[in-house]
Amino acid sequence: MAVENKFPGKDLTEDDIAGKIPLVAKKSADHRTVFTCGGIEIGGPLIPVMAGPNTVENEEMIVESAKAIKAAGGHFLRGGAFKPLSFPYRSPKFFESREDGLKWLTVAKQETGLPIVTEVMEIDKIEIVAKHADMLQIGTRNMQNYPLLTEVGKTGMPVMLKRGYGSSLRDWLMAAEYIALEHDRLGMEPQIVLCERGVVVPHTHRATSRFLLDLQVVPAAQEVTHLPVMTDPSHATFWQPWVKSMMLASVAAGADALMLEVHPDPRNAAVDPLQASSFAEFDGMMKAMRPIATAIGRTLDMGSNS
Ligand code: PEP
Ligand code: MN
């Protein structure tokens, strides 16, 4: 007896788009979701930049980072208080600042006005993280943690859904649909931004680079979904000298927002010191990205209509 393979591939089919992701799929070619988070529009002409350290190490460093990010024209402060680590051994340098970190993020927000993006890993921490965050980040390792996606969706807060580093576009959009379903149940349009953060591939060109930035997924995702699509060149390259070119390329590729790691003393960052950019490097990237944004009809500056 011939067995029909009804699930032929890992990539999206027309049936998937119509039947499995009805809420995140585009309804027309120019359908785009635009939403506002912490006073910043996402999905419109502005390309918001979300910058900050990997880990919120202490109050002083997060406030100092927020001030430098604001001065360079960044739009959101990012930083992990609840942090995944790929192995269980914490070092004297790396500890999760947890509830303290959330409070320090809030101090930094009060000092600068920058809204906060921070990760939530567990269902029972959603309430406390949601009190301090403007946007909830789902990390790459939790992209398919469906109970977490559902509970995060139920808050009705904006969500950044990072792409699993081994996940297809199909799996990523289906994960986003879990959050969109909860937003729909709350009677709202989905407030989700998809974040490409590097995928695992056979070659990454350097022993220290674990992932490859899948820039092609930006237009590929935008072809199918109305949700904004952003990139995170820091985690993707894992190597600071490559971050600037991938930031510039992300703008040129049509990314709707950008995330990157910025640290007051990158080489002494508690986690991932090779990928963090200094304040001066960040400022240089912001300056270099502006003309590219303008060239494609976007902008990095609030209140600008270009
Ligand atoms: C992060 O943004 O600090 C992070 C842990 O990212 P990812 O989940 O993409 O590894
Ligand atoms: Mn990080």
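In these legends, a metal donor is an N, O or S atom within 2.8 Å of the metal (3.2 Å for Na, K and Ca), and sites may look incomplete since water is not among the atoms. The model is predicted: local features need pLDDT of at least 70, side-chain atom pairs count only at pLDDT 80 or more, and totals for chains, interfaces and linings use all residues. Residues are numbered from 1 along each chain as its sequence is written, chains are lettered from A and ligands numbered from 1 in the order in which they are written, and side-chain values use heavy atoms, with hydrogens and water left out.

**View 1. The manganese site.** Welcome to the manganese ion (ligand 2), which is coordinated by Asn-54 through ND2, His-235 through NE2 and Glu-261 through OE, at 2.1 to 2.2 Å. Along the chain, these donors follow the spacing N-x180-H-x25-E. His-235 belongs to helix H8 (residues 233-237) and Glu-261 to strand E10 (residues 257-261), so this pair ties together parts that are 26 residues apart in sequence. Helices (H or I, at least four residues) and strands (E, at least two) are DSSP runs, numbered from the N terminus. His-235 is buried at 11% relative accessible area, and Glu-261 is buried as well, at 1%. Here buried means under 20% relative accessible area, exposed means over 50%, and partly exposed is in between (1.4 Å probe, protein chains only).

**View 2. The surroundings of ligand 1.** Which residues surround ligand 1? They are Arg-78, Lys-83, Glu-119, Gln-137, Gly-139, Thr-140, Arg-141, Lys-162, Arg-197, His-235 and Glu-261, where a residue is near a molecule or strand if one of its heavy atoms lies within 4 Å of it. Look for the side chain of Arg-78, with an N or O atom 2.6 Å from an oxygen atom of ligand 1. The side chain of Gln-137 has an N or O atom 2.9 Å from a ligand 1 oxygen, and for the side chain of His-235 the distance is 3.2 Å. These are polar contacts, pairs of N or O atoms within 3.5 Å; within protein, one must be able to donate a hydrogen and the other to accept it, and residues adjacent in sequence count only if both atoms are side-chain atoms. Taken alone, ligand 1 exposes 300 Å², and the protein buries 96% of that. Such areas come from the Shrake-Rupley method with a 1.4 Å probe, and for residues only the protein chains shown count as cover.

**View 3. Two aromatic pairs.** A search of the whole structure finds 2 aromatic pairs. Rings of Phe, Tyr and Trp (its six-membered ring) pair if their centres lie within 6.5 Å; planes under 30 degrees apart count as stacked, over 60 as edge-to-face and the rest as tilted. Tyr-146 and Tyr-178 are stacked, because their ring centres are 4.3 Å apart and their planes are at 20°. With Tyr-146 in helix H5 and Tyr-178 in helix H6 (residues 169-185), the pair ties together parts that are 32 residues apart in sequence. Tyr-146 is partly exposed at 30%, and Tyr-178 is partly exposed at 34%. Tyr-165 and Phe-211 form a tilted pair, 5.0 Å centre to centre with 35° between the planes. Tyr-165 sits in the loop between E7 and H6, and Phe-211 in the loop between strand E8 (192-196) and helix H7 (217-224), so parts 46 residues apart in sequence are tied together. Tyr-165 is partly exposed at 30%, whereas Phe-211 is buried at 5%.

View 4. In H5, the buried residues include Leu-148, Leu-149, Thr-150, Val-152 and Gly-153. Their cover includes helix H4 (126-132), strand E6 (135-138), E7 and H6. Thr-155 is in the loop between helix H5 (146-154) and strand E7 (159-162), and is partly exposed at 32%. A polar atom of the Thr-155 side chain lies 2.7 Å from the backbone oxygen of Val-152. Not counting residues up to four places away in sequence, Thr-155 touches Ile-126, Leu-136 and Leu-186; contact means heavy atoms within 4.5 Å. H5 is followed by Gly-156, with a positive phi near 75°.

**View 5. Positive phi outside glycine.** His-205 is not a glycine, yet its phi is positive, about 80°. His-205 lies in the loop between E8 and H7 and is exposed at 65%. Phe-238 has a positive phi near 60°. This residue, Phe-238, is in the loop between H8 and helix H9 (243-253), and is buried at 15%.
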